[in-house]
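I opened this entry to record what I looked up, one topic at a time.

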Amino acid sequence: MVAFNLNGRRVSVEVDADTPLIYVLRNDLALNGPKLGCAKGQCGACTIHVDGAAVRSCMTAAKTVEGKTIVTLEGLGTPEKPHPLQTAFIAEQAGHD
């Protein structure tokens, strides 16, 4: 079990501690913001914030975020007041899988 704060709410997931965080976010928590691109930590498509620092979630084991605060693209703004980054993604249709 790994527990952390995600976009303002406490979550816990039953996963292998070494599972790459990108899979936890997308498969277990149904978030579409982080994308799996190169799976080597180079392209940045999977970037999230962990305790305020940019982190490549494809290269981060789930166990390393225990008790930490994670913000993904979904957590940056609200539907009523999107963050400028969200607005840019929408304008470029970058949110589609």
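Which residues is T60 in contact with, leaving aside its neighbours within four places in sequence? I found T19, P20, L21, V55 and V65, where contact means heavy atoms within 4.5 Å.

Before going on, I noted that this is a predicted model, in which local features need pLDDT of at least 70 and side-chain atom pairs count only at pLDDT 80 or more, while totals for chains, interfaces and linings use all residues. Residues are numbered from 1 along each chain as its sequence is written, and side-chain values use heavy atoms, with hydrogens and water left out.

I placed T60 in the loop between β4 and β5, strands being DSSP runs of E of at least two residues and helices runs of H or I of at least four, numbered from the N terminus. T60 is buried, at a relative accessible area of 11% (buried is under 20%, exposed over 50%, partly exposed in between, with a 1.4 Å probe and protein chains only). A polar atom of the T60 side chain lies 2.8 Å from the backbone oxygen of R56.

I then looked up salt bridges (a side-chain nitrogen of Lys or Arg within 4 Å of a carboxyl oxygen of Asp or Glu) and found 1 in the structure. K63 pairs with D18, their closest N and O atoms being 2.6 Å apart. The two are 45 residues apart, with K63 in the loop between β4 (53–56) and β5 (69–71) and D18 in the loop between β2 and α1. K63 is partly exposed, with a relative accessible area of 45%.

Last, I checked L6, which, leaving aside its neighbours within four places in sequence, is in contact with V11, L25, L29, L31, I70 and T72.

Technical notes. Polar contact = N/O pair within 3.5 Å; in protein donor to acceptor, adjacent residues only side chain to side chain.
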